[in-house]
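User: I'm new to reading structures. Could you walk me through the main features of this one?

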Amino acid sequence: MSDETYLDLSDLTLAYGKTVAVERLNLSIRKGELIALLGPSGCGKTTTMRAITGLLRPASGKITLDGADITHVPANKRHVGLVFQSYALFPHLTVFENVAFGLRLKKRPSAEINQRVEAGLAMVGLGKFHSRKPAELSGGQQQRVALARSLVMEPKVLLLDEPLSNLDARLRLEMRTELQRVQRESGVTMVFVTHDQNEALALADRIVVMKEGAIEQVGSPEDVYNRPRSRFVADFVGFENIFAVKDGNIVTENGAMALGGGLSVNAPGLAWRPNMVTLGEGRFEGEVLGAAFAGGSREYLLKSPLGPIKAEMDAAAPAFKPGSKIAFDLPPERAAVLERM
Amino acid sequence: MTSRLLSYVTLTLVLIFLLGPFVIIVAAALSGGETLAFPPQGLSLKWVMKVFEVESFRASFALSMFLAIFGTLAALVLGVPVAYAASRYRLPFGETIRTIVSAPIIVPGIIVGLALLRYLVIPLDVSVGVALFIAHTALILPYAVRVVSASLDNLRSDIEEAAVILGSSRVATFFRIVLPNIQSGILAAFILGFVTSFNQVPVSLFLSGPGVRTLPIDMIWYMEITYDPSVAALAALLAFLSISIVFLAERFLGFSRYV
């Protein structure tokens, strides 16, 4: 991985007719990076991906790839690969011909096509399936064919649209490992789109969190998971107790509350994950409204002067009964500091 | 129990209504007598043989075949792009275009025939053969568009984007990806168009002229002059031709999925 920018999106505005889907987006991706575009549906992540492939023409802005301005290069001349969420295999062609499709268009000699297709299929573990039709394959196998079909073209960037969403839980884990291996072996720059934070955290070198057509935060998985910078990102990665801060106090339903702990915070917000809430001791008191056993832990919903609080405790600790009053605390030193609410 | 009996009675009556004429025609065709009659007078194949000796039948059969084959091909050349555009792009006036294209199904054939005669053949002095060709193409077009549209709607459009990203132009994508996947729909449209054109009477009636007659029109003509069973024999032969075409189409294409 080099430090130089390889794929650059600059001031990119994307629209469908008059509806603006992405506004003035800026993003730089290095060669060999594995990037996740993460966000809820409608955040513009798929639109951004389509713009990189050339299937969607930007309303304004610039896309640079490997030093060349490709903003107006048509999709069939971009050297960008795309693995569709639906796989989009050609139903009338065999697995081999699906993978060979792009190479045949390039009029490569047939010996080279054979060799590259076989290598591609071997890479995704489908060496024995080349004479089958897509309809005879399972979802996971179809996805591998789609992946091989893109990889044999040796694209400069490989885009993947929700690559794991159509697979069952066991296959998902397998495919995740597979994608990482393929990326390592081929060294291809990958950008994948997902709405699943776990997928993004597990796979990506860097995560781009998007909301309503704009980037909320870009960072490593650890960064995004531990140090969300906005209310939206905090909420998205599981900080379920989020409070605005004013003059060093947290703002609650019942007015301002001193933060305590000798900490003065200038940020507009603080957030705690349920497992960051201390239960059984602390400065606040709440009533247990609900409790649920979640395997390794127990989840609680508290009614408190701060408003509803979600807490989580190790299952080995003694359980609190619904209806009981318990002490709890929001330790300021553990909170994520939010720059935007 | 009564309702069950009733449904059997209804079914039998419907079958008699549908198949009865066919049985009568076949029986009349095999008659040994000199006039078109039912029940047949004796059994003979002579009228079936006679069909092949009537010269006007041969000429009109050739014309009908020509119209059915090339009219259908022309309708497909026009109809496939229309169907493709309608299914893949949100066209301005898309609904209007669809209505216009399917108008020949809705408007009675007599009106279409009269209109073509009055506004095409007479003022523009278009020859009868050309007018027939245009009329048959127009009549088949709605079927072609409909059947091919059904195929296209079942074909995911993202495979076309996949082909484009792999380096294919839009035109090449149509021929390499779209066409192979809708070929059975196109074949079904061809068969439907062929049969529709071949059996067409009202429009052809208006556009037939001296020496230029499609087979069904020629049969009417023939019957007005010669009232022998050869017309029944020809009708039976045509019915068997149609049935075998549709049977084969159903067998190999699953024809009923498209129509």
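User: In what order do the elements of chain B run from the N terminus on?

Analyst: Helices (H or I, at least four residues) and strands (E, at least two) are DSSP runs, numbered from the N terminus. In chain B of this predicted model, the order is α-α-α-α-α-α-α-α-α-α-α, which comes to 11 helices and zero strands. Residues are numbered from 1 along each chain as written, and chains are lettered from A in the order in which they are written. Local features need pLDDT of at least 70 and side-chain atom pairs pLDDT 80 or more, while totals for chains, interfaces and linings use all residues.

User: What share of chain B is buried?

Analyst: A residue is buried if 20 or more other C-beta atoms, placed from the backbone, lie within 10 Å of its own. Buried residues are 36% of the 259 in chain B. The C-alpha trace of chain B spans about 70 × 65 × 30 Å along its principal axes.

User: How many residues of chain A are in contact with chain B?

Analyst: Two residues are in contact if their C-beta atoms, placed from the backbone, lie within 7 Å. Here 18 residues of chain A contact 15 residues of chain B. On the chain A side, β6 (80-83) and α2 (95-105) each supply at least two residues. That side divides into 11 nonpolar (Ala, Val, Leu, Ile, Met, Phe, Trp, Tyr, Cys and Pro), six polar (the others, Gly among them) and one charged (Asp, Glu, Lys and Arg).

User: Which domains does the assignment give for chain A?

Analyst: Domain bounds come from an automatic or database domain assignment. For chain A it gives domain 1 (5-234) and domain 2 (235-338). Their centres, taken over C-alpha atoms, are 39 Å apart.

Technical notes: Buried ≥ 20, exposed ≤ 12 C-beta atoms within 10 Å, placed from the backbone.
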